[in-house]
Amino acid sequence: MQGIGAGAAALSWGTLHPHSARAEQASATAQNQAPQTPRPPTRFFTAAELAFLTAACERLFPEDDMGPGATALGVPNFIDGQMNTPWGRGEKWFMAAPHRSGPANLGYQLPYSPQQIYRKGITAVQAWVMQNHHAAFENLPAATQDAILSALEHNVTQFDDLPASAFFEQLRSDTIEGAFSDPIHLGNRHMGGWKMMGFPGARADYMDWVDRYETPYPYGPVSINGETA
Amino acid sequence: MAEKTLPPVDAVVVGAGWAGSIMAKELCEAGLSVVMLERGGRRSTAKDGAYPSSIDELEGATRYKLFQNPAQTTVTVRNRLDQEALPYRRLAAFLPGEGVGGAGLHWTGVHFRAMPQDLRLRSHVIERYGRNFIPEGMNLQDYGVTYEELEPFFDRAEKVFGTSGQAYTVGGKVVGKGNPFAPDRSDDFPLPPLRDVYTAHLFRKAATEAGFHPYAMPAANASHPYTNPYGAQMGPCNFCGYCSDYACYMYAKASPNVNILPALKRHASFTLRSNAHVLKVLLDSTGKKATGVVYQDAEGNHITQPAGLVILAAFQFHNVHLMLLSGIGKAYDPHSNTGTVGRNFTYQNITNTTVLMPPTRSTDQFIGSAGGVAIDDFNCDNFDHGPLGFIGGSPLWVNQAGVKPIAGAKGAFPGGPRWGSAWKKQAVDTYRHSFTINAQGSNMAYRDVYLDLDPTWTNVYGQPLLRMTFDWKDNDIRMNRYVVSKLDGVVKALGARDVHYGMRDPNTPFDVRDYQTTHLCGGAVMGDAPKTSALNRYLQSWDVPNVFVVGANAFPQGMGYNPTGLVAALAYWSAHHIRTQWLRGNGGPLVTP
């Protein structure tokens, strides 16, 4: 009953130093599981789609003096992995017809799942870029890529019933999620996103740090699978 | 799909959240056989809150693992009567719960009472400012129950929830440094307040310097080990920062799953059925008596559960939806201003101010709990509204429940770049050195803000979606802007590097794309008159007296405080009167209209 749970929880914070308790528990979890089978490089996106995605995510989240960019963090792999989830298939959105447009503040009204947003969006952007720049997005200079992304963000064009900004916002949101979610979801490789932000990950125990007011929390992150950094 | 009718029970309770669990427990104690129906699946802290797998921001707060899936059923939303409402297709502005425990499994745990004036706001405003102070089109109402009447039930709820807090007065005597605006209490909080995290500590200091009255926010997060009156054991909060949107792996946050259901399940007369989506309440030929409910089970069968007493205890708008679908009471019509079901639909008026501290200060926003530090100087009627010309107010607080990096990065300092290196730099700077002060305010009820059935869209059960007609109004916009402007002195005292005041903009309609709060209220409100309330002061339907409707749907208007503490107290209040009066009577109305 509830007593068992409360007891177990109490043991984990009360008898061990909190950061080591969390890390050991996380490591134990990792050791109890079979090593993760490396996933194939792509499952949903074609190589061409992935080339676009990699280039676009890197511009949204570039490698710089703050830390790694989207490519190094595995963001394209993360987005690819997310496509074959209930969310990626649109099973967590209300998708029933009719689909009508309305004021932006009444929210998303398109009939597309995330999978469809990407498939339609990448095809449309590449065709648009090809027409205007005579090259694929990934082969253009960074400054041109930035100008294109900015145009999408400000909704300068509409692709076959897909507003450019809807595609851009999906891409931006997923890039952030890939950079900062637990590495179990294939992004945030080596917890590079968390190290940059100063987020301790799955430690989730600050009993001893609540009121050490002028002392920044000293420990680096741990992941759900027990990786430390 | 099969149709089936089960043997009758004394009471059926719709929804397994706080309201449903409290009602079911009380009715089982009274000796009734009780079936509780929950549309979602089984949930437990041991499984859904397990460390470390539950410490996952993507699954928990981004993909909404524990929330209602709008693919099954959702609402439509519009701002004005002359608009077409459109479906709320992706969860964003508000996040209804689902599954055993309801939103009580993954709420934050902020646990307030109500201010006495809030419970009789219409009478209070007229007494202090005169009848003409109430703007045209505002349906300002009293609850029909006073703070003094509810006090024992607030106390009961705090003891069940294991609430941590600091009292100001108990039995009329000042006992501690609690909120000096708070009403008197019959007993202290069961647990002392949680410690202030750094940002709450900064706010406490600065608010004091600015001349305000900071206090520790009451939180249903145990500050010490605790055993509640049902024998449920809570572990102490370790400030893990996974409160909102998660089940608490420390068993420190009160939930129906930890605090009530284990005791409820020991009653032989209690049955819990999950994956049971109630389609409607069945009425007899007179329409004045409920005979039970019909629900759809996981296999798609339609099951009739006959019962002598029906308790609707689903989430606020699901209760209203079920009443409309079942024909309990008269649907509200904003044009003729008649009917009560759907009337006085309100929300909570929250805006967030971001304070950026000097780079030498690490705000460690990942540390968190449901506690924090608040001031009530501008809540409710704690200040003179006379020269201001608006009704309502808002506490201001630092309630840091743990900011994780996805939300942190998406919420980089407002108005800055949105991507690229400049954005990255700002996102990291904001995450490491900023914090948020919330103005969580009241929302008044208006004649043209209401709930009804949508004419176009249906859910997977083939029923019309509930339609929300909602917008922010002048009174509430001015209230928010006034209260937020009072942060000026606090921000100066903080020595902030930069500040972005989050204020309601008069030209920006309610936007479903931005998370605000899940504190939706009203739509089937309690009150003194059947013309303006769907329920009497005991939460009993005026029209069908063996139906009680328990939840924030009963609030005639939204208050500044979080609703759960009042929902729990009202549940105990209603249950008390069912036990002591209704069960001993003829099953009729407890109040003669």
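1. UniProt, in an unreviewed entry, places the feature "domain: Glucose-methanol-choline oxidoreductase N-terminal" at residues 205-347 of chain B. UniProt positions follow the numbering used here, feature names are shortened, and annotations may be inferred rather than shown by experiment. In this span, 17% is helix and 26% is strand. Its end C-alpha atoms lie 31 Å apart.

2. This is a predicted model: local features need pLDDT of at least 70, side-chain atom pairs count only at pLDDT 80 or more, and totals for chains, interfaces and linings use all residues. Residues are numbered from 1 along each chain as its sequence is written, and chains are lettered from A in the order in which they are written.

3. Confidence comes next. Chain B averages a pLDDT (the predictor's confidence in each residue, from 0 to 100) of 97. The model scores ipTM 0.96 and pTM 0.94.

4. At the interface, 68 residues of chain B are in contact (C-beta atoms, placed from the backbone, within 7 Å) with 59 residues of chain A. Helix 12 (residues 420-433) of chain B gives the largest share of chain B's side, seven residues. Helices are DSSP runs of H or I, at least four residues, and strands are runs of E, at least two, numbered from the N terminus.

5. Helix 3 (residues 47-60) of chain A has 14 residues. Its buried residues (20 or more other C-beta atoms within 10 Å of their own, C-beta atoms placed from the backbone) include A:Phe52, A:Leu53, A:Cys57 and A:Leu60. What covers the buried residues includes helix 6 (114-133) and helix 8 (164-180) of chain A, together with helix 12 of chain B.

Definitions and conventions. Contact = placed C-beta atoms within 7 Å. Expected span 1.5 Å × (residues − 1). Buried ≥ 20, exposed ≤ 12 C-beta atoms within 10 Å, placed from the backbone.
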